Amino acid sequence: MNWKSTAAATALALLASTSLASADGVLNIFNWGNYTSPDMIKKFEQQYNVKVTITDYDSNDTALAKVRQGGTGFDIAVPSQNYLPIWIQEGLVQEVDPSKMENFKNVAKEWADPPFDPGRKYSVPWAWGTVGVVVNTDVYKGDINTWGIIFNTPDELKGKVNVVPEMSDVMAAALHYVGGKQCDGDKALLKKARDVLVAAKPNWIAMEYNTIEKMGAGDFKATSDWNGSALRQRLAHPQIHYGYPKEGVVVWSDNVVVLKEAKNIDNAKLFLNFLMDPQNAAMNSAFHRYANGISGSDKYMPDDMKGAPEVVVPDEVMKTAEYSRTCPPDVQELYTKIWTELQK
């Protein structure tokens, strides 16, 4: 049987298993920028005769605000795990039972029943990783495994540091630096974190998401960042390295959901099942450069990701890492006050 007939048979089997009437039409995806493999999308389009459009966003807050407004025309979005419970509680997503889909068997055990979506009623894994620091080691020769790069910036890096402005990541990092934990509502610790942030800001050159281009161009010499972004940077510029801060690391994941207002629900379900195929997950990882939470995908990964220090988290880091979670509303309110002050 040739590839096309195999794909057709697979599509028919999936349609039958999910009671879908048609695999034609469109699918509108709302996702983080520079995060979706064009090759993976092309494969999905050809396999199911579905035209995919992708609209980018730059932060969890941007995505949440847009979807809350309604009338987006999007079928799918990719919120982070600490935001997903908010989407669920506010009725912004549909319960589509991915755990009953054919390819759910491929979801890694540690991601099959997560606290942010018990039983995987709403979401499937897209990517997972860590938050750390990225440093141009031609400029700075000291220890890069510390949040001190950001919060007690060495002289060589002053005025050359960027901070990715994802509030939950920055607040968790500041709290770890002063001896606290993610979502810590202790007011004494929060004051310490706030003071550290305010004192550190004059040593930063920017608070931007565009780290890959600007680290590569030399506009930034260090930045807080996500590990897949760090891998992209190192592959293009070997002097750029990723550090796992000894004060504390957060492990995060992004997850694909079907919006409540989705018009192309059948195609959205097809896409979720498609993503849980190991080859397709690896194709996506080869582009965005993060691990994907799908068992069996490792053998399809590009060689430069196998054993990459940005992707393979050291055991000693994982032992103490915190998994990203949704902070209580009162704590979130305190964080927002500090964050608003920091923006001034």
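Modeller: Happy to. Strand S1 (residues 25–32) is largely enclosed by the rest of the structure, because six of its eight residues are buried. Buried here means under 20% relative accessible area, exposed means over 50%, and partly exposed is in between, with a 1.4 Å probe and protein chains only. Helices (H or I, at least four residues) and strands (E, at least two) are DSSP runs, numbered from the N terminus.

A word on the source: this is a predicted model, so local features need pLDDT of at least 70 and side-chain atom pairs count only at pLDDT 80 or more, while totals for chains, interfaces and linings use all residues. Residues are numbered from 1 along each chain as its sequence is written, and side-chain values use heavy atoms, with hydrogens and water left out.

Now to the neighbours of S1. It runs parallel to strand S2 (residues 50–57), and eight bridges join the two; strands pair if DSSP finds at least two bridges between them. Within this pairing, Phe-30 has Thr-55 of S2 as its bridge partner. Strand S3 (residues 76–77) also pairs with S1 in the parallel sense, over two bridges, and there Ile-76 of S3 stands opposite Ile-29.

As for the helices, take H6 (residues 167–177) and helix H7 (residues 187–200): their axes are 9 Å apart and the packing angle is about 110 degrees. Axes are lines fitted to C-alpha atoms, for helices over the stretch in contact, and angles run from 0 to 180 degrees between N-to-C directions. H6 and H7 are therefore roughly perpendicular to each other, a term for angles of 65 to 115 degrees. In H6, Val-170, Met-171, Ala-174, Leu-175 and Tyr-177 meet Leu-189, Leu-190, Ala-193, Val-196 and Leu-197 of H7, where contact means heavy atoms within 4.5 Å. By class, this contact of H6 with H7 has 10 nonpolar, no polar and no charged residues. Ala, Val, Leu, Ile, Met, Phe, Trp, Tyr, Cys and Pro count as nonpolar, Asp, Glu, Lys and Arg as charged, and the others, Gly among them, as polar.

Conventions
Angles under 35 degrees count as roughly parallel, over 145 as roughly antiparallel, 65 to 115 as roughly perpendicular and the rest as oblique.
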